[in-house]
Amino acid sequence: MDTLTRAAYEAHVNPQWVRLLNLLDMNAEYDVCRGEKLQTRDGRVILDFLSGYCVYNSGHNHPRIIEALRNEMESCGPSMLQSHVATSAGDLAAVLCSRAGGRINKAYFASSGSEGVETAIKFSRAATGRDGLLAARNAFHGLTCGALSLMDHRFWSEGFGPPMPGVGFVEFGDGDALERELATRKYAALVLEPIQGEGGIVLPPDGYLQRAQHLCRKYGTLFVLDEVQTGLYRTGKFLALHHYGLDPDMVILAKALSGGLIPVGAVLMSDEVHHSVYSSLKRAIVHTSTYSENSLAMRAGLSTIEVLEQERLGERALVMGEGFRQRLREALAGHEMVSEVRGLGFFSGIVFGHPKSLTLRLSFEAFRRIHPAMFGQMIVMRLFREHGILTQICGNNFMVLKAAPPLNSDERSLDQFVTALGQVMEVAHSSKRFWQDALQLAARTAKI
């Protein structure tokens with residue numbers, strides 16, 4: 001990217017984003033991205049352990065997905081004609097519904113996870129005749145107004161006015177609190193991530209999701225699962241819900257369905273929910289979108305699923321992911337600021353904890369008072385700057401480092417991450433340089 005182009009981005013798109021990347025020493029220029037490897041203009045190779053927040057399940061620029069999109073474009077067929085039956089949408093819907101199983105038999109296509117959440121809100125209200133919505137604390141569902149209303153973390157909603165009325169929250173994993181809320185029979189839908197992503201890669205307690213589903217059936221509330229990050233084999237199975245034997249009323253997908261190349265999302269649902277909206281001829285277009293069912297997005301979805309399944313990337317992630325976490329546990333054992341390594345498939349979180357030794361505790365607490373994300377962000381910076389690894393702390397839990405590489409990442413890349421994080425944590429525990437760098441970051445932040 002030449003200087004003029006970079007200046008144009010800063011001037012006309014998001015100058016604060018440029019300043020933040022500069023502050024964190026992460027403003028790299030990428031030339032070629034393939035698989036989990038990102039090649040920079042200055043000749044470095046960065047390993048992507050963020051995957052665009054779980055977009056790149058099939059890796060960056062998979063050649064078969066590119067070829068499928070190229071062929072679709074060169075066919076010069078109808079892309080967004082709006083007044084025809086989009087056959088590729090039917091093909092993709094059939095694949096998604098068959099893989100989801102259970103009562104799922106219909107699909108609505110969107111362009112993002114947030115748009116999918118908005119769809120789920122509307123459809124659940126139509127299906128139940130209720131207005132209320134119930135969600136888990138510390139969840140992340142998107143940044144449009146309806147999706148924001150399902151999130152209790154004030155950082156995301158501050159300054160944007162009041163949320164939608166009638167939204168309640170319960171602690172993720174608290175089945176008794178959930179039953180008390182659902183027993184009021186005022187909620188159209190319970191919207192949950194089967195595994196909380198930005199909340200810190202939080203797995204559900206045993207039996208919790210099954211109980212949530214049972215309670216929703218008992219009290220007439222729709223059971224809606226947001227699998228925007230966990231779907232498409234990220235956790236080893238097609239959907240994370242398949243680990244728990246669930247049969248929801250709706251499932252929200254996006255991110256990885258795109259192959260990382262063109263936006264596409266989907267809301268999968270039962271016939272009953274679908275019919276509550278599209279209930280008559282005059283309501284055939286009551287909920288739609290300009291880009292819904294466009295041929296490039298549908299082709300990307302079909303090709304992405306084909307790649308994931310033919311290359312058996314789900315099975316691979318399930319086995320290799322557990323081995324990856326075990327190696328992390330072994331490499332990080334003895335470091336008092338690491339309390340846990342958890343996850344499923346290639347969806348892992350390294351949980352930091354408060355140090356017990358007095359010297360480390362004083363430094364740790366001092367920087368937490370400056371900003372609660374300071375410690376985690378220093379780990380992210382060092383991984384990127386010194387070891388060529390791109391990742392990030394979780395958006396709602398700054399004490400958890402996310403490790404979510406593409407599902408076709410090789411063993412050497414996984415081992416490189418383990419070695420790098422072990423070295424960074426060794427520095428954090430034994431060197432004053434780590435805390436001096438944190439102090440310099442705090443000083444640079446104060447000047448901006």
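A contact, in this talk, means heavy atoms within 4.5 Å. Keep that in mind. What you see above is a predicted model.

Let's start with contacts along the protein chain. Take those between residues at least 6 apart in sequence. Of these, 72% join residues at least 24 apart.

Next, the make-up of the fold. The protein chain has 17 helices and 15 strands. Its radius of gyration is 22 Å, and the globule rule gives 22 Å for 448 residues, so the chain is as compact as a globular protein of that length. How far does the C-alpha trace span along its principal axes? About 70 × 55 × 45 Å.

Buried residues account for 53% of the 448 in the chain. The chain exposes about 19500 Å². Carbon and sulfur atoms supply 54% of that area.

On to charge. The protein chain carries 46 positive and 47 negative charges. How far apart are their mean positions? The answer is 4 Å.

Zoom in on strand 14. Two bridges join strand 14 to strand 15, residues 400–403, and the two run antiparallel. Pick out Gln392 there. What is its bridge partner in strand 15? Lys402.

Definitions and conventions:
Residues numbered from 1 in each chain as written. Predicted model: local features only at pLDDT ≥ 70, side-chain atom pairs only at ≥ 80, totals over all residues. Heavy atoms only, no water. Helix = DSSP H or I, 4+ residues; strand = E, 2+ residues; numbered from the N terminus. Rg over C-alpha atoms; globule rule 2.2 N^0.38 Å. Buried < 20%, exposed > 50% of the residue type's maximum accessible area, 1.4 Å probe, protein only. Areas by Shrake-Rupley, 256 points an atom, 1.4 Å probe, with all protein chains shown as cover. Lys, Arg positive; Asp, Glu negative; His and termini not counted. Charge placed at Lys NZ, Arg CZ, Asp CG, Glu CD. Pairing = 2+ DSSP bridges.
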